[in-house]
Amino acid sequence: MSKTTRATAEYQQLDAAHHIHAFLDQKALNAQGALVIERGERLHLWDTDGKRYLDGMSGLWCTNLGYGRKDLAEAAARQLHELPYYNLFFHTTHPRVIELSELLFSLLPSHYSHAIYTNSGSEANEVLIRTVRRYWQIQGKPEKSVMIGRWNGYHGSTLGSTALGGMGFMHEMGGMLPGFAHIGEPYWYAQGGELSEEAFGLKAAAELEAKILELGADQVAAFVAEPFQGAGGMIFPPASYWAQIQRICRQYDVLLCADEVIGGFGRTGEWFAHQHFGFEPDTLSIAKGLTSGYIPMGGLILSRKMAEVLVDQGGVFAHGLTYSGHPVAAAVAIANILALRDEGVVSQVKTDTGPYFHQLLREAFADHPVIGDIQGTGLVAALQFAQDKSTRQRFAQENEIAWHCRTVGFEEGLIIRSTLGRMIMAPALVANHAELDELVEKTLRSVNRTARELNLL
Ligand code: PXG
């Protein structure tokens, strides 16, 4: 039942009059009217006309606990009454952020020891760039400052994080800053050619070594990447990739930085995605699942090795955000992490719902005539549209196909994401079998409609 006090059309007119949407042609949207989402419960959302949607994307990869959690709302309310704001500048702090750090480091491997809190993933990566450069400066190597990212990687929408990312169209507006370099993405399906996945993983990793040698190891501060690439198409690297990347970083004394903004907090069935892939980054950028999106919060996790240099030798670190470690955000993050841990949500993704989800996907799509590949683990997956599975031939118009599938999904009451020729799913980690059945059933219906309506068969 809709609780709205205004008609949808009125909201849409006001929205069109006053707001610029992200990553969309505003004029085209204004002609059509934005979808006004009003309410959520677990994996479901309702718009202002009362239509129900299954959210297969956890909002923007963030509502790991699903919608409607009273414990998180109450944690925020309690904190708002007790201490709505205080800061971590100079010599002050507050109990909630201290308790959050205690909890976080109880879950993280013991070689991580310190956090710097932010309000978003973009800010976490801005802090990363400055912290990494500071780390080398303190050690008398200020020329070690180049950050290497990956083409098609996504690290945020601020200037530094855009430069670190590899979305070419985001580099317009002066986003290609000096001091940043990029290597290719480990996208075997599209770029692997005749190579096996294993061989392609090694080839993609070797690009890092070539780039370090080209720039000079004495100039390179860090390599930054998502353990699996999210916004860039949910690209899972071949199994050979990460061990080789880690070896190269260690060999050339280059920091290895994992952007865990979407992989963190249980998505793969491990607390952090790098644990799934079996490598040991020096830093972790976190956000999204840290609070299940109930309130903005992000952060940068540092290894003990880095923190010791910064703390013991660094003196004053000229960095700070008004809302770093905000007490209300910290209170929500604590409630969120406790629920993920104590309700067994993360372990359930690993042992039960993750395998169940991928089994359903295989049953529905392994032999589907327009789907060439299913990737992912835990509660994240991508379906690759393909014209010919045996040769991995993709459709020439794969962007339009995936966008059409996304659009019919909304008509079917389903929210999934399209990127290039891929459909992405990342449902809330609390999803039960019935909700996963509904997700895969509606996705199959949307893929079938797309194949029929665009004459793909
Ligand atoms: N790193 C990664 C890996 C991300 O996915 C950010 C940093 C930036 O976080 P903030 O909190 O500043 O947005 C992100 C954000 C999508 C989509 O549809 C993905 C993101 C944001 C919006 C849309 O795939 N990721």
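## Domain interface and ligand site

**Figure 1. One salt bridge is found by the rule across the interface of domain 1 and domain 2.** E270 pairs with K350 in a salt bridge (a side-chain nitrogen of Lys or Arg within 4 Å of a carboxyl oxygen of Asp or Glu), and their closest N and O atoms are 2.6 Å apart. The model is predicted, with pLDDT of at least 70 required for local features and 80 or more for side-chain atom pairs, whereas totals for chains, interfaces and linings use all residues. Residues are numbered from 1 along each chain as its sequence is written, and side-chain values use heavy atoms, without hydrogens and water.

**Figure 2. The protein chain is assigned two domains, domain 1 (35-68 + 344-453) and domain 2 (71-342).** These bounds come from an automatic or database domain assignment. Between the C-alpha centres of domain 1 and domain 2 the distance is 26 Å. Contact (heavy atoms within 4.5 Å) links 38 residues of domain 1 with 36 residues of domain 2. About 3,000 Å² is buried between domain 1 and domain 2, and carbon and sulfur atoms give 56% of this area. Buried area is the accessible area (1.4 Å probe) lost when two parts are put together, summed over both. W61, V346 and R392 contribute 26% of what domain 1 buries against domain 2, more than any other three residues.

Figure 3. By class, the residues of domain 1 that touch domain 2 comprise 18 nonpolar, 13 polar and seven charged.

**Figure 4. The ligand is surrounded by 16 residues.** The closest are W61, G121, S122, D259 and R417, a residue being near the ligand if one of its heavy atoms lies within 4 Å of it. In the side chain of S122, an N or O atom is 2.5 Å from an oxygen atom of the ligand. R417 places a polar side-chain atom 2.3 Å from an oxygen atom of the ligand.

Note on methods. Nonpolar A, V, L, I, M, F, W, Y, C, P; charged D, E, K, R; others polar. Polar contact = N/O pair within 3.5 Å; in protein donor to acceptor, adjacent residues only side chain to side chain.
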